[in-house]
Amino acid sequence: MLTVGISNEINRTVTKENTAAALGSGMLEVFATPAMVALMEETCLKSVQPELEEGSGTVGTGMSVHHLSATPVGMNVRCISKLVEVDGRKLVFDVQAFDEAGLIGQGMHERFIIDNEKFMTKAAGKLDK
């Protein structure tokens, strides 16, 4: 059962592959904003997935985030998510990312609970149009 307060933490090392230069979001070899956002989504997803019924999942529908500080290659990034709102199928998370020097990003992430099969059927239906 999903309840407010569910939290999760994931750690990731900054590599050349997840820098702004590699992902095309900038020209420098620092942790890319898209990589931080993806880490935030993953942290939220994995926090609630074990609580869902078989065949269900969640999809991200909104992200409001601020990337506050650059993190160089080689540093560790720790992402923490906390479920702060459950409104039917809508889930809202507070997310924060830290490197070894402190806070580097924070924001809110919204996900919706979906039936995986129905969702994929609807998505595939776009190919027929």
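The model considered here is predicted. The side chain of lysine 46 forms a salt bridge with that of glutamate 42, with an N to O distance of 2.8 Å. Because the two residues lie four places apart in helix H2, about one helical turn separates lysine 46 from glutamate 42.

Helix H2 itself comprises residues 33-48. Its 16 residues, at 1.5 Å each, should span 22 Å, and the end C-alpha atoms lie 23 Å apart, which agrees. The buried residues of H2 include Ala35, Val37, Leu39, Cys44 and Val48. The buried residues of the helix pack against several elements, among them strand E1 (7-13), helix H1 (20-23) and strand E5 (102-115).

Arginine 111 and glutamate 41 meet through their side chains in a salt bridge of 3.1 Å, N to O. This pair links distant parts of the chain, since arginine 111 belongs to strand E5 and glutamate 41 to helix H2, 70 residues apart. Arginine 111 counts as buried because its relative accessibility is 5%, whereas glutamate 41, at 29%, counts as partly exposed.

The side chains of threonine 58 and arginine 111 make a polar contact at 2.8 Å. With a relative accessible area of 9%, threonine 58 is buried. Beyond residues up to four places away in sequence, threonine 58 touches residues including Leu45, Val48, Leu91 and Ile113.

In total, the structure holds six salt bridges. One of them joins glutamate 85 and lysine 90, whose closest N and O atoms are 3.9 Å apart. Salt bridges with shared partners also connect Arg12, Glu42 and Lys46 into one network.

What lies over the face of phenylalanine 98? Arginine 78 takes this place, at 4.8 Å from the ring centre. Phenylalanine 98 is located in strand E4 (residues 90-99) and, at 19% relative accessibility, counts as buried, the limit being under 20%. Its C-alpha atom lies 8.3 Å from that of asparagine 76, although 22 residues separate phenylalanine 98 and asparagine 76 in sequence. Contacts of phenylalanine 98 include Asn76, Ile80 and Leu103. As for aromatic pairs, the structure holds zero.

Terms used. Residues numbered from 1 in each chain as written. Predicted model: local features only at pLDDT ≥ 70, side-chain atom pairs only at ≥ 80, totals over all residues. Heavy atoms only, no water. Phe/Tyr/Trp six-rings, centres within 6.5 Å; stacked < 30°, edge-to-face > 60°. Lys NZ or Arg CZ within 6 Å of the ring centre and 35° of its normal. Buried < 20%, exposed > 50% of the residue type's maximum accessible area, 1.4 Å probe, protein only. Polar contact = N/O pair within 3.5 Å; in protein donor to acceptor, adjacent residues only side chain to side chain. Contact = heavy atoms within 4.5 Å. Expected span 1.5 Å × (residues − 1). Salt bridge = Lys/Arg side-chain N within 4 Å of Asp/Glu carboxyl O.
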